[in-house]
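Please look first at the sequence and the structure, and then read the report with both in view.

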Amino acid sequence: MPIIINLDQVLADRNMKSKELAEIIGITEANLSILKSGKAKAVRFSTLEAICKALDCQPGAILAYAEEQ
């Protein structure tokens, strides 16, 4: 998939665990795991906004695009 999820790196940079982020933004750890793995088919803007607010970052820090080879 050409969309790359960098959420693990942003979490590590902020010394935050996935469990903590899931609690802050109000989603289950399972749903956060699906998002982190890149298996999610879509992301709600409200979820993306909550992640960015909790991690004090921009969407581009979490999501990247790379053409498939």
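## Terms and origin

A crossing of two helices is called left-handed if the near helix is turned anticlockwise from the far one by less than a right angle, and right-handed if the turn is clockwise. Helices (H or I, at least four residues) and strands (E, at least two) are DSSP runs, numbered from the N terminus.

This is a predicted model, in which local features need pLDDT of at least 70 and side-chain atom pairs count only at pLDDT 80 or more, while totals for chains, interfaces and linings use all residues. Residues are numbered from 1 along each chain as its sequence is written, and side-chain values use heavy atoms, with hydrogens and water left out.

## Helix H2 against helix H3

The crossing of H2 and H3 is right-handed. Helix H2 (residues 18-25) packs with helix H3 (residues 29-37) at an angle of about 110°, and their axes are 9 Å apart; here axes are lines fitted to C-alpha atoms, for helices over the stretch in contact, and angles run from 0 to 180 degrees between N-to-C directions. That makes H2 roughly perpendicular to H3, given that angles under 35 degrees count as roughly parallel, over 145 as roughly antiparallel, 65 to 115 as roughly perpendicular and the rest as oblique.

On the H2 side, Ser18, Lys19, Leu21 and Ala22 meet Glu29, Leu32 and Lys36 of H3, where contact means heavy atoms within 4.5 Å. These residues divide into three nonpolar, one polar and three charged; Ala, Val, Leu, Ile, Met, Phe, Trp, Tyr, Cys and Pro count as nonpolar, Asp, Glu, Lys and Arg as charged, and the others, Gly among them, as polar. Glu29, which lies in helix H3, touches Lys19 and Ala22 when residues up to four places away in sequence are not counted. The C-alpha atoms of Glu29 and Ser18 are separated by 7.0 Å, although these residues are 11 apart along the chain.

## Helix H2 against helix H4

H2 also packs with H4, at an angle of about 120° and with axes 10 Å apart. That makes H2 oblique to H4, and H2 passes H4 in a right-handed crossing. Leu21, Ile24 and Ile25 of H2 make the contact with Ala50, Ile51, Ala54 and Leu55 of H4. By class, this contact has seven nonpolar, no polar and no charged residues.

## The nonpolar core

A nonpolar core is a set of buried Ala, Val, Leu, Ile, Met, Phe, Trp, Tyr and Cys residues joined through side-chain atoms within 4.5 Å; buried means under 20% relative accessible area, exposed over 50%, and partly exposed in between (1.4 Å probe, protein chains only). The largest such core has 15 residues, and those with the most contacts inside it are Leu7, Leu21, Ile51, Leu55 and Ile62. Helix H1 (7-13), H2, H3 and helix H4 (45-55) are the elements that give two or more residues to this core, and H4 supplies the largest share, four residues. Leaving aside neighbours within four places in sequence, Ile51 is in contact with Leu7, Ile25, Leu35 and Ile62.

## Two loop residues

Most residues other than glycine have a negative phi. Asn15, in the loop between H1 and H2, has a positive phi near 50°, and Asn15 is exposed, with a relative accessible area of 71%. Asp56, in the loop between H4 and helix H5 (59-62), also has a positive phi, of about 50°, and counts as exposed at 68% relative accessibility.
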